[in-house]
Amino acid sequence: MDDQKTIIFDKIQSALKKGRHEGFIPEAIDPSHLPDLSETLIRQNKSQDPKEIWLRFEKQITDLGDTVKLFPDVSSLCNWLKQYLIENNLNTGVMDSDASEYLGLSPGEFGLSKVYLANIRKTLFESVYGITLVDFAIAETGTLGIVSHQSRSRLTSLTPDVHFAILEQSKIVPDLVDALKLHQKFNKNNSITWITGSSRTADIDGILIQGAHGPKKLFVLVVE
Amino acid sequence: MNESIVPIVDKPIKGVSLMLTCLCDVFYPEVGLATADCLESLGYTVHFDERQTCCGQPAFNSGDRAAARKVALHTLDVFKDAQAIVTSSGSCAAMIRWGYPQLFRGQPEYERVKQVAERTWELSEFLTQVVAVSSWPGSYPKKIALHRSCHLRELSAGTGPEKLLKSVVGLEIVPIETPEQCCGFGGTFSVSFPWTSREMGCSKLDSLIQSEADEVVSSDMGCLLHLNGLMEKEFSEGRLQKKINARHYVEVLRDSMKKD
Amino acid sequence: MSSSTHKVNIENIGKEQTLETRASVLDASRKKIISRSHALRENLNDSNSLRHLASKLRLHALNHLPHFLEEAEKNLTENGIQVHWASDGEEARKIIGELCKKADVKIISKSKSMVTEEIELNPYLESLGFEPVETDLGEFVVQISDDHPTHIVTPIIHINGKQVAQIFEKEGLGEYTEDPEILTGYARRHLRKVFREAGVGITGANFVVADTGRFVTVSNEGNLRFCANAPKLHIAITGIEKVVASEDQMAVLLNLLARSSTGQNLTVYTQFFSGPKKENEADGPEESHLIFIDNGRTNLLGGDYHEMLQCIRCGACLNVCPVYRSVTGRGYDSVYPGPMGAVFSPLLGGEESMKKYSELPKASSLCGACEEVCPVAIPIPKMLLSLRDDLHGKVPPIKGTPSFGPWSYMTSHPALWKASLSTGKTIGWGAAKILPNASLQSWLKSRDLPDWPKQSFRSLWKKRLKTVRKNH
């Protein structure tokens, strides 16, 4: 393997030495001196006003064909959830253990539905709905950010047909620049997943179908 | 496009050297004359250096840079003393400002390229940026479909012809389907890949004819050589039901002046 | 695409495509370009400046490739990702084959990766007794119908819904239906088993971030997340040119990628992978591997084609290209079609691919639409011209292409030029039209030529000058 790396790096070095017409000399520039990232240029005048941020976030999720709901507190969220599961006959679900703690929901009966902790592969693949917490969200694109963690499965937000994502309103940041700044606060050892809408495909005739291999429906449940 | 030389005006221009283009030299004298008419109407003296031949683009496009350089060096020589060089062909202006730098980068002749390219303008660029014409005189009460030639992408002219035509009293530019799509001429492309060239041309003809235009104008005679040629054959062989008059926008500008 | 070394004749293949195929491609390309324009306009007030910044960032990484690859390897390894290097397709296949053998599995779940197409991975894995299953819907259709992808983002752009319905029925995936939602459901149902049972998942990686040691993938369907997270072994493979200096630069690239590609703000899933299951994680693969592959990318590095490596595989240049729309992806007979393919295909495979794909750089009117839509501002037409220069004299010219040697002599000598003008006028087209000149005949097949003007510009100009003098 070392041999292959040497072959490649030798080729890279001699290719770069070939020189460019303008007489560019790579060695003359410090590689770690990265080009300036002008925040103004990247943000492109996105509003930083909290009200605007919420409105944009709401609009993005709705435009994606998914649902966003705002609740004054956790208990009203739970009530709504219970109601929704009953009305729509969603009978088996999984939830991450930190979602379970946050909502005060124990595995077992939840309304007329059975919900399990997302630590058994079989239940993950056989559940109709999944409940996860979300660590941050991006208003510009209606994106949810989930950092992988021991109290979470990587599949809870992927395998079920319906994904309920629980988010605190204060965790919504304006745009990608802020989201990537947040990344620096988390351990780079952990994977981060950005979710922008329910899974979808437009491979057949360019017609957008919501629900490819991942969730068909996404509910973003926000606590004020 | 990156790496085009940008033309500059560093002293007032009184005389303009006309770059006729090889196509107009062979087939379209009226375009050269109309260009001279328009420039003279604005008070410029127009020179025609009869040593000029071609900018060398056909050879460059085919990959024969040695042949292209030969012709380019001759052209650079012909125009080296001109105050300003104006051509009514977007593709020739682009060849001087975008193609010549590629031909001569890193070579001693590059200075000669810079010297000429910095004074070379496509006609609508010259009129809108140097002369700063905001409203073209006269009137031309017709509906026009504008075929914007691709080489305008390499120049700062982008919407030059459109700006000028829109300002003519009575002239209405009608929208066409997929205006940004190439007509399929592409110089030697038209004869090396004739099937594809024809497909693209027919698609362009469809969108031009289906518009409500009385007339089609273009900023490139290459495009018109191809579209007119295609239109004639398609019509005479019964595959096209309708023909439409297609010519260079400079002729419309000249005709508009005549109306006064 | 063929693995033969026969020269690809793009027009011949293009002409063979049915009207149905070409209509699918045209319709889908147009839709995507409209979506792209809309997305950029609605969400960015200056997408042009942003793409030039993106270009700068990509160029910087390429100019210092060894430095950033070393940094990436160090940080990836710290994250528990095992890094491998493959100088070509054969080496890459070997590495993947060995890893799969060690894992002792049968089913391999695959998400869409053009690099795996490039190295012809599936036939190799099958020869070793494995069962690689494509899980991206389009690639799944391609696999079960023994076809090839014709677009780097939307593999079955050349197939319409009816044809998918027929393919699914033939393969016993469900009752015949033309409803795309039900068809998607068939694929979902069928592939769920694969996601559950696959012992190995193979994916690509869109970017590799050097400073955090994470690789980034963008996807919509969810299958990539399954392939990367559900099996016990995950293998990712990507080109050496995909390295990004720092994670904050992803704001620029992600702001442009999906918008340019499909008109979405972001794809549904943007994953920043830190590798296998950690101590403080609940699940994930036991092993995570990333293979960096060269396979000819160093042929483009450092010279006239250096900037082509900035490509982030959005597919916008394919969508806008009038040639791609006419001949479809099949016309190129390559893993990489369209404008970016016209540069990559002749260069990645060295001398052999230069000969095989020598037509591709010439099959362009140089309209520049590709450069205009490129989110990293790659000067594609300039590269096509450089390729034509490189090919000149090495391969025979395409039939119909004029030769410019004698022409350049005539055109740099005014007396000869003027003489040819008057000769031409004298002869007229009558005689010329029957000359065995390939270019002339090629033109005349589908187009007329204008008549020679009664008076040339030069004689009219002389008269005009006389008039002016008379009036003074």
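Ser111(C) sits in the loop that runs between strand S2 (107-110) and helix H6 of chain C. This is a predicted model, and in it Ser111(C) is buried, since its relative accessible area is 1%, under the 20% cut-off. What does Ser111(C) touch, once neighbours within four places in sequence are left aside? Its contacts are Glu134(C), Thr135(C), Ile202(C), Thr203(C), Gly204(C), Asn223(C), Leu224(C) and Cys227(C).

Staying in chain C, have a look at Glu120(C). This residue is in the loop between helix H6 (114-118) and helix H7 (121-127). Its phi is positive, about 50°, even though Glu120(C) is not a glycine. Most residues other than glycine have a negative phi.

Ala132(B) is not a glycine either, yet it has a positive phi of about 55°. Look for Ala132(B) in the loop between helix H7 (123-130) and strand S5 (143-147) of chain B.

Next comes Gln264(C), in the loop between helix H12 (250-261) and strand S9 (269-273) of chain C. With 18% relative accessibility, Gln264(C) counts as buried, because the cut-off is 20%. How far is Gln264(C) from Arg36(C) in sequence and in space? The two are 228 residues apart along the chain, but their C-alpha atoms are 7.9 Å apart. Leaving out residues up to four places away in sequence, Gln264(C) touches Asn220(C), Ala258(C) and Arg259(C) in chain C, plus Arg200(A) over in chain A.

That last contact leads to the A–C interface. Chain A and chain C bury about 7900 Å² between them, with carbon and sulfur atoms giving 55% of that area. Counting everything in the contact, 83 residues come from chain A and 107 residues from chain C.

Chain B has a cross-chain contact of its own to show. Lys233(B) belongs to helix H11 (residues 221-236) of chain B. Lys233(B) is buried, as its relative accessible area is 16% and the limit is 20%. Apart from residues up to four places away in sequence, Lys233(B) touches a run in chain C: Leu444(C), Lys445(C), Ser446(C), Arg447(C) and Asp448(C).

Here are the accessibility values side by side:

| Residue | Relative accessible area | Class |
|---|---|---|
| Ser111(C) | 1% | buried |
| Lys233(B) | 16% | buried |
| Gln264(C) | 18% | buried |

Now for chain B as a whole. Its secondary structure comes to 12 helices and eight strands. The radius of gyration is 18 Å, which agrees with the value near 18 Å for a compact globule of 260 residues. Along the principal axes, the C-alpha atoms fill a box of roughly 55 × 45 × 30 Å.

How much of chain B counts as buried? The share is 66% of its 260 residues. The accessible surface is about 9100 Å², and carbon and sulfur atoms account for 51% of it. If you take contacts between residues at least 6 apart in sequence, 82% of them join residues at least 24 apart.

How values were computed
Residues numbered from 1 in each chain as written. Chains lettered and ligands numbered in written order. Predicted model: local features only at pLDDT ≥ 70, side-chain atom pairs only at ≥ 80, totals over all residues. Heavy atoms only, no water. Helix = DSSP H or I, 4+ residues; strand = E, 2+ residues; numbered from the N terminus. Rg over C-alpha atoms; globule rule 2.2 N^0.38 Å. Buried < 20%, exposed > 50% of the residue type's maximum accessible area, 1.4 Å probe, protein only. Contact = heavy atoms within 4.5 Å. Areas by Shrake-Rupley, 256 points an atom, 1.4 Å probe, with all protein chains shown as cover. Buried area = accessible area lost by both parts, 1.4 Å probe.
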